[in-house]
Amino acid sequence: MAPEELAAAVRRRPFVPFRLTLTEGSTYEIRHPELCMAGRRSAVIGLNPSDETDLLFARSVTIDLLHVVKLEPLETPTTQTNGTG
């Protein structure tokens, strides 16, 4: 994956959570732009298994962008409207 593609996904406003899939099959869900930092050849992803609303990560992983095979938006719950708004 080109670093510009990942940087664009992180900078998108409004931010849309996404999932990265790597060549060996592992996946990382990016739910907040503050938890992903794209570099030229790699990216640092902050992981917080206890609370996905917390922006302070418990640990991090560095991935090589050459191994990213897919970036897909996460399913986000849609709000139901009753047509009166």
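**Notebook: salt bridges, sheet and core**

I began with the charged side chains and found that those of E29 and R31 meet in a salt bridge at 2.6 Å, N to O, where a salt bridge is a side-chain nitrogen of Lys or Arg within 4 Å of a carboxyl oxygen of Asp or Glu. I note that this is a predicted model, in which local features need pLDDT of at least 70 and side-chain atom pairs count only at pLDDT 80 or more, whereas totals for chains, interfaces and linings use all residues. Residues are numbered from 1 along each chain as its sequence is written, and side-chain values use heavy atoms, with hydrogens and water left out.

I then searched the whole structure, which gave 3 salt bridges. R19 meets E29 at 3.1 Å, N to O, and this pair links R19 in strand β1 to E29 in strand β2, 10 residues apart. R19 also forms a salt bridge with E72, with the closest N and O atoms 3.4 Å apart; here R19 in β1 is linked to E72 in β6, 53 residues apart. Through shared partners, R19, E29, R31 and E72 are joined into one network.

I looked up accessibility next (buried means under 20% relative accessible area, exposed over 50%, partly exposed in between, with a 1.4 Å probe and protein chains only). R19 counts as partly exposed at 23%, as does E29 at 37%.

I followed these residues into the strands, which are DSSP runs of E of at least two residues, while helices are runs of H or I of at least four, both numbered from the N terminus. An open sheet of 3 strands has the order β2-β1-β6 with antiparallel pairing, two strands being paired if DSSP finds at least two bridges between them. Because β2 (27-30) and β6 (68-73) each have a single partner strand, one side of each is left without a neighbour in the sheet. I recorded 5 bridges joining β1 (residues 18-22) to β6, and R19 stands opposite E72 in β6.

Of its 17 residues, L6, F18, L20, Y28, I45 and I63 touch the most other members, and α1, β1, β2, β4 (42-47) and β5 (59-64) each supply at least two residues. Leaving aside neighbours within four places in sequence, I45 is in contact (heavy atoms within 4.5 Å) with residues including L20, Y28 and I63.

How values were computed. Core = buried A, V, L, I, M, F, W, Y, C linked by side-chain atoms within 4.5 Å.
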